[in-house]
Amino acid sequence: MHQLGLRVAAVLTAGDVVVLTGDLGAGKTTFTRGLGEGLGVRGPVTSPTFVLARTHPSLVGGPALVHVDAYRLASALELDDLDIDFARSVVVVEWGRGLVEALTDSALSIEIDRPHGGGTDAGETDDAPVEPRQVRLEGSGPRWS
């Protein structure tokens, strides 16, 4: 997921919005760490679960990375209340499906499927991920047409 974040960072510019969807432990924050590294932002990039949004300024003259965890937000209005600078930043919103669409006309949606399985004995399950994860990228709006 980190390597994918590095690769996606190469095509992002200020004003881009990325919506990450996936189970707990799917790799959303790991992806965002790679994205931050690829964008050359100040880190460390960690989950913003308790602060809702964290801004990482660029160290290389590029756009800042705004990392949002929308898990506890109930509406697009609550996301808008965070007063995020969408125009001059790359904004990554974990758990943002259904919220971001009201705030921007273009977004790159990344859905991460984290398979579960394994187990050591009959009837036992193991929540550790079974690799590889499956990732779907889908752009919407004029930016990704």
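Biologist: As I understand it, buried means under 20% relative accessible area, exposed means over 50%, and partly exposed is in between. Which of these is Glu111?

Modeller: Glu111 is partly exposed, at 25% relative accessibility. Keep in mind that this is a predicted model.

Biologist: What does Glu111 pair with in a salt bridge?

Modeller: Its partner is Arg136, and the closest N and O atoms are 3.2 Å apart. Arg136 is partly exposed as well, with a relative accessibility of 39%.

Biologist: Which Asp forms a salt bridge with Arg136?

Modeller: Asp113 does, with 2.9 Å between the closest N and O atoms. That pair also links strand 5, which holds Asp113, to strand 6, which holds Arg136, across 23 residues. Asp113 is partly exposed, at 31% relative accessibility.

Biologist: Which residues make up the network of salt bridges?

Modeller: Arg97, Glu111, Asp113 and Arg136 are linked in it.

Biologist: Why do such side chains pair up?

Modeller: Side chains of opposite charge can pair when their charged atoms come close.

Biologist: How many salt bridges are there in the whole structure?

Modeller: The search finds 5. One of them joins the side chains of Arg143 and Asp16, at 2.7 Å from N to O. Arg143 belongs to the segment after strand 6, whereas Asp16 is in the loop between helix 1 (2-9) and strand 1; they are 127 residues apart.

Biologist: And Asp16, buried or exposed?

Modeller: Asp16 counts as buried because its relative accessibility is 4%, and the cut-off for buried is under 20%. Arg143 is partly exposed, with a relative accessible area of 33%.

Biologist: How do strand 1 and strand 4 run, parallel or antiparallel?

Modeller: They run parallel: strand 1 (residues 17-22) is joined to strand 4 (residues 89-94) by 4 bridges.

Biologist: Which residue in strand 4 is opposite Val18?

Modeller: Val92 stands opposite Val18.

Methods: Residues numbered from 1 in each chain as written. Predicted model: local features only at pLDDT ≥ 70, side-chain atom pairs only at ≥ 80, totals over all residues. Heavy atoms only, no water. Pairing = 2+ DSSP bridges. Helix = DSSP H or I, 4+ residues; strand = E, 2+ residues; numbered from the N terminus. Salt bridge = Lys/Arg side-chain N within 4 Å of Asp/Glu carboxyl O. Buried < 20%, exposed > 50% of the residue type's maximum accessible area, 1.4 Å probe, protein only.
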